[in-house]
Amino acid sequence: MQAQRDQLLAPLKKVFGFDSFRPLQEDIIRDALAGKDVFAVLPTGGGKSLCFQLPALVRPGLTVVVSPLIALMKDQVDALQAAGVAATFLNSSLAAGESRPRLRGLHNGEYRLLYVAPERLMLSGFIEDLQRWNVKLFAIDEAHCVSEWGHDFRPEYRQLSTLREKFPGAPVMALTATATERVRADIVKQLHLRDARCYVASFNRPNLTYRVSAKTGSYEQILNFIRARPREAGIIYGQSRKTAEQLASKLTADGVKSAPYHAGLTPAERTKNQDAFLRDEVRVICATIAFGMGINKPNVRFVIHYDLPKNIEGYYQETGRAGRDGLPGECLLLFSPGDRVKQMRFIDEKPDPKEREIARAQLEQMLHYAEIATCRRESLLGYFGERYGAPSTASARSESPSKQAETVLGAPNCGGCDNCLAPRATWDGTLAAQKFLSCVYRIREKGGFGVGLNHVVEVLTGADTEKVRKFGHQSLSTYNIGGEHGRAEWGAIGRELVRLGLLFQNAEKFHVLELTDAGRAALKSRSKITLTKPVSAPESAADKHRVGEIACDEALFEKLRALRKQLADERSVPSYIIFSDVALRQMARFYPANDAEFSRISGVGEKKLREFGAMFLREIGSHLETNARQIFADDSFAEPVAPMRSKLTDTVRETLHFFRQGKTVTEIARIRGVKDGTIYTHLAEAMAAGEAVDVNALVSTEGQKEIAAAFARHGFGNLVGVVEALRGRYDYGLCRIVRAAVQAR
């Protein structure tokens, strides 16, 4: 047994430079060498590739690796060749002159590993070639692509099922980083795996911190986030190629060297940008989801989702690009309830009804994750069938994936997500819940059938739609009783009532809402129902007061944004040069009708009034011709728009006042009746707002250098790690002060 182990450890060290295996790797490799089919679910960075690369080195014959991404093939082959391994790839990026010598080498048995796309593998004649090349193992990477229930289903992967028939003696290894129990079972079925040993490592990435922030001034949020992390590399995921291009351009113009990566670039452009990112010549890659599976950069410190992902699997895989080296990584999702509407438009364009059904279900699960008030890590792991909060055990059973033991880790409070670090506030939602539940009840009572969440919201907000008129729902007692909340807010309330078990959303009946027994009891007893406030932008976000607190006509706001974008493009300037989002939201709240009223809008001076006033007034007037004016509190121009609040709160100003009088932190804390740490936090906030604070009065020059160096090593978002690395010589308060000083500089 030890001799066999030494046979594996020797090439592990010699070729790959590792002294030991990661969890489950050795068991997977032993099964593959024994000729068994294997199914492995290992997280991003968990060492999937080694599971088929090492067996290829210790026995003769060819290992064929099926991969969907050209970039990933080249990346892995380059790494193997650099390590002295005979490996090659065949795909559409190669010219005929490049393919011929590789094919000749395969015929002569010169290679140990061949990477190939599924389309190439199934070409006429290629299977016959493989049958002459002494294939000892098929490794199906990104195996979730074979399942229609997976997040990246690819029809060409289904053809791989014929491999079992064509190569009955060659074992098959299927690997993926993301697969629910349902997807795992489907993969085993579609690939005809025989008595497959199924290995499922934990999905938990303890070094990653998960946060969801309300999308306000989204570009400014991203810029501030990145500037607070100098010298750290990251990936920003957007929904479209245009978004990737615009973000990369804006960030570069603002001093953050960035590059786009998407399918619309030429292969040469993609290769150039990826190489620049890998070489740290570019700090940030702005990508569409196609990028996520093709990069192998270990020191990605942050991943930002600029748009809502389509599903949990994709989100998990993309966030998994952060912290692959085991050091801390941050995952930020910018979320707006309006993102659901955008995603639904894409889903509705799918021609296949079954595809639409699957996509809608996946989107609802993503919305659930974005809106929950409980531990995000627990929710994320639970989605993959892993229970969070018990001792860790690795899972490896030779039975169907749906029957595997769960991997259970950690504690109920993960300490690594926004909901655990700073729980959100709650509010008495009894009245709102009663209205929503009553509306669901009245709709079913009237017609004998239920409807989906969106239709309930339309009834509550008094929408005049064809569907409302068709069913006569404008005559319901609950019609138009929800004016105190906007549609997005009612949508969030409805989804939380589903999570609380007061409503049931029937996925098998077009997501119709139904009252549960608990919901009927709550409706009857009028018992108190506590709801959670939605996610908000972080306190440090510079744009918090500019956008997040201004309720407005969202439909008009989108039209004004489109007009602003058109004008900005014509002038080749950023959109905010025309008007800020604050200005647009005020326009969509106050509906100015003439020059005098328009000049009251924040940021409108004489020149902008002359240059843009008529166009924006025309757009507002056109909107009001076909849409009712929405009513908001204080929606008249009787008084000028109140100026924005200062970034400094009164309590921070008071602390700053005492500090500038020469009082120590301890003296100020005693005067104000708070802890020293609170005073340090106040001073750090003041520095972040541009106020001058004498750091030398708080920390010695030597201490400042030592703390700053620790932040440079561990990341400016990793306060806990810095304090621990300094072994208690400096407390949290002093570290906050130095961090604020460095960032201010």
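Predicted model: local features only at pLDDT ≥ 70, side-chain atom pairs only at ≥ 80, totals over all residues.
Residues are numbered from 1 along each chain as its sequence is written, and side-chain values use heavy atoms, with hydrogens and water left out.

- Strand β8 spans residues 208-214 and is mostly covered, with six of its seven residues buried; buried here means under 20% relative accessible area, exposed over 50%, and partly exposed in between, using a 1.4 Å probe and protein chains only.
- Helices (H or I, at least four residues) and strands (E, at least two) are DSSP runs, numbered from the N terminus.
- Strand β13 (residues 329-335) runs parallel to β8 and is joined to β8 by seven bridges, where two strands pair if DSSP finds at least two bridges between them.
- Within this pairing, Leu208 stands opposite Gly329 in β13.

**Thr288 in its loop**

- Thr288 is found in the loop between β11 (284-287) and β12 (300-305), and Thr288 is buried, with a relative accessible area of 10%.
- Leaving aside residues up to four places away in sequence, Thr288 touches Tyr237, Gly238, Gln239, Ser240, Arg241, Tyr261, His262 and Ala263, a contact being heavy atoms within 4.5 Å.

**Aromatic pairs**

- Rings of Phe, Tyr and Trp (its six-membered ring) pair if their centres lie within 6.5 Å, and planes under 30 degrees apart count as stacked, over 60 as edge-to-face and the rest as tilted; by this rule the count comes to 15 aromatic pairs.
- Phe579 and Phe616 form an edge-to-face pair, 5.1 Å centre to centre with 85° between the planes.
- Phe579 lies in the loop between α26 (575-578) and α27 (581-590) and Phe616 in helix α29 (residues 606-626), so this pair ties together parts that are 37 residues apart in sequence, and both Phe579 and Phe616 are buried.
- Phe598 and Phe616 form a tilted pair, 6.5 Å centre to centre with 35° between the planes, which links Phe598 in helix α28 (residues 595-598) to Phe616 in helix α29, 18 residues apart.
- Phe203, Tyr316, Tyr383 and Phe384 form one aromatic cluster.

**Charges over rings**

- The charged end of Arg102 sits over the ring of Phe89, 4.6 Å from its centre, the rule being that NZ of Lys or CZ of Arg is within 6 Å of the ring centre and within 35 degrees of the ring normal.
- The charged end of Arg376 sits over the ring of Tyr369, 5.7 Å from its centre.
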